[in-house]
Amino acid sequence: MAKSNISTKQFRAILKKDLSMLFRKRVAIFVFGGPFIMMFILLGLPSLFTSQQAITLLVFSDDLGYTGVNIGDAIIGNISLYYENDDTITVEEADNFTEVQQTRALGTYIPSNFSELSFTGSPSIYTIDATQSLFTSSLFTEIYTIASKVMSNFVANRSIPNIQSIQLPPTALAEEEILGPKAAAVAMPLSYMIFLLIALNSGSYSIIGFAREKRMRTMEILLAYTHKHSLLVISKVITGLVASLGSTLSYVLGILVGTSLSGDATGDLFDIFGLNFKTLGGGAIVLSFIFVVLALLISTLITMAVDTNMAREAAERISPLVSIGLAMFFYFIVLTSPLTVSTILLINPFYWCYRLCLLLVAGKFTTEVLIYFLLIAGLIFILIQLATRGIQKEKSLYLE
Amino acid sequence: MSELMVQTTQLSKYFKTVLAVNKIDLEIPKGSIYALLGPNGAGKTTTIRMLLGLLKPTEGQILVNGIDVSSNPKEIRGKIGLLPQFSAAYYDLTSMQNIKFNLELNDIKMETVQPALSDFFNRLEITQELLNKPFSKLSGGEQRAICFIMSAITDKDFLILDEPTSGLDIARAKYIRSIIKDLSEVQGKTILLSSHIVSDLEELAEYCGILVKGKLVFQGKRDEIIEKYAPETKDFEDAIVRVFNSKKNDVKTPLGGI
């Protein structure tokens, strides 16, 4: 009883000290301010000079081409459907490529009629002007999706479908049908958030890690006075999460301020990560954020376990790489098929968080949920033990 | 000998093939000031770290106040006060914040130690201005004094002080010696002192243990070493140097596996 009481008091003191150190360290200014400045510079600053320029899309509309379907008109119809209230976009029509070349300065060229293939010998050429902002980039992606769908149909079936029947986003896969549309809508934003936040926060570990304690020679005192050494690890992890979440908030604010300057702001905070509050509802969004934080926690613990079990100098360099490597491995494989179970990813803890979140969003409380839950809980326990053993190891403590 | 605070039996420590501590039998009486001496690399710091439970002995047993540290290092945590060889504190925090953190870590309320703290501050000329400065902005001597206060203010019965007066000016060194004396004589604390500064040892050490190349070559009262090694000069420093020199070549450093 007395021992757990002193441990609680010690934990409070250590956590208070760690948090206090986080906000005092000059580097923390970069952790909390850096992402904001970065996003503001990337999005907001160029928009001060370019964002107000109207974007003109030039489309062929007179040529029926091989099939007799006027794709130009269909694309114009789609654009006006998706972006009807956007004053910055003007759609103009051109009859031939010479006309396009003459009006090149206008903006984006869409070869919507495939009888014009002979211009370059390649079916899809898109020219994007430097005036593009984030918003036009997403517009461009959608047009690309339409055009590539049309093209693949054309190549495979020698027929061009009615463009109005093309769906955005793409039609559902079998797995999507199992997990449902909500999980499908959460999948990409969730994997992106996990990857982005881990990548964004990998550098912040140097602020909270034990290497600093060793440098200041306070490690020996902490180990000699603290009854439960695992509390030292847990305190650092909590501090790491605070740093990570602060840094993420700074990133989001940077995007919001940057896009509001460029006039591209969606007005929806969740849209930054591709989550649509209206379609998904609060529950799925809250779950997504919980699992992103869980992935961050695991990332911090992995970094810490590697750091504490290695010699000081090498640890600071290698430990963030291990975490980022796992995050990249997770994200780029998930991208190829977001909703199917990937065998190779079953060894990746970030995938466990991702998959468990999708199952919960889909309301599938199966054995798979229990397995992922146990895997995550077990891993967290093991990593805390590893890190605790690491800080006590004489090799990492003294022999460097 | 009176009741012992520390008793080690055949305590040894290897680092790979290097033998840092070689079968030593330390005996530190309760309430005494015991000086652990030795040339650089003699094994003093390794011995201290084993007493604290931070290093696992390769062989032998350590009892600290009846607790078997060698087999159960967790039991000793929080029971020994420590002043490490180099100033150990958080450089971004102020001195006062460092002291407060140290008190909180040891579950000591500020109110209960306020009179003692004020006394330390007065004796060591630690002003309010210094206390509010970040630790990194203090001079080496001021940092050392703050670290000493942090270790002395704890309620531990056993304190390990590694080079407590190193880097201090004459006045502060003198006050620290008087505080160490008070801690032992008035408060009955046991103090293990590791120092190279002769004035510290002459004024404070009741008992001495001399380590040479990891071997405990002498252990006993301070007067005994003088009697044995410098009977004609009666000089403590002389006696220590003679022990170092006479034992330097006697003690071989065995290598593991050989």
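Guide: In α12(A), A:Ala284, A:Leu287, A:Ser288, A:Phe291, A:Leu294, A:Ala295, A:Ile298, A:Ser299 and A:Ile302 meet A:Pro349, A:Phe350, A:Cys353, A:Leu356, A:Cys357, A:Leu360 and A:Val361 in α14(A); contact means heavy atoms within 4.5 Å. The model is a predicted one, in which local features need pLDDT of at least 70 and side-chain atom pairs pLDDT 80 or more, while totals for chains, interfaces and linings use all residues. Residues are numbered from 1 along each chain as its sequence is written, chains are lettered from A and ligands numbered from 1 in the order written, and side-chain values use heavy atoms, without hydrogens and water.

Visitor: What makes α12(A) and α14(A) roughly antiparallel to each other?

Guide: Their axes come within 9 Å and cross at roughly 165°. Angles over 145 degrees count as roughly antiparallel and those under 35 as roughly parallel, with 65 to 115 roughly perpendicular and the rest oblique. The pair α12(A) and α14(A) is therefore roughly antiparallel.

Visitor: How do the residues of the contact of α12(A) with α14(A) divide into nonpolar, polar and charged, and what defines these classes?

Guide: That contact has 14 nonpolar, two polar and no charged residues. Ala, Val, Leu, Ile, Met, Phe, Trp, Tyr, Cys and Pro count as nonpolar, Asp, Glu, Lys and Arg as charged, and the others, Gly among them, as polar.

Visitor: Why is α12(A) called roughly parallel to α15(A)?

Guide: The axes of helix α12 (residues 282-308) and helix α15 (residues 367-392), both of chain A, come within 8 Å and cross at roughly 30°. That angle makes α12(A) roughly parallel to α15(A). Among the residues making the contact are A:Leu297 and A:Leu301 of α12(A), and A:Ile380 and A:Leu383 of α15(A). The residues of this contact comprise 15 nonpolar, two polar and no charged.

Key: Axes are lines fitted to C-alpha atoms, for helices over the stretch in contact, and angles run from 0 to 180 degrees between N-to-C directions. Helices (H or I, at least four residues) and strands (E, at least two) are DSSP runs, numbered from the N terminus.
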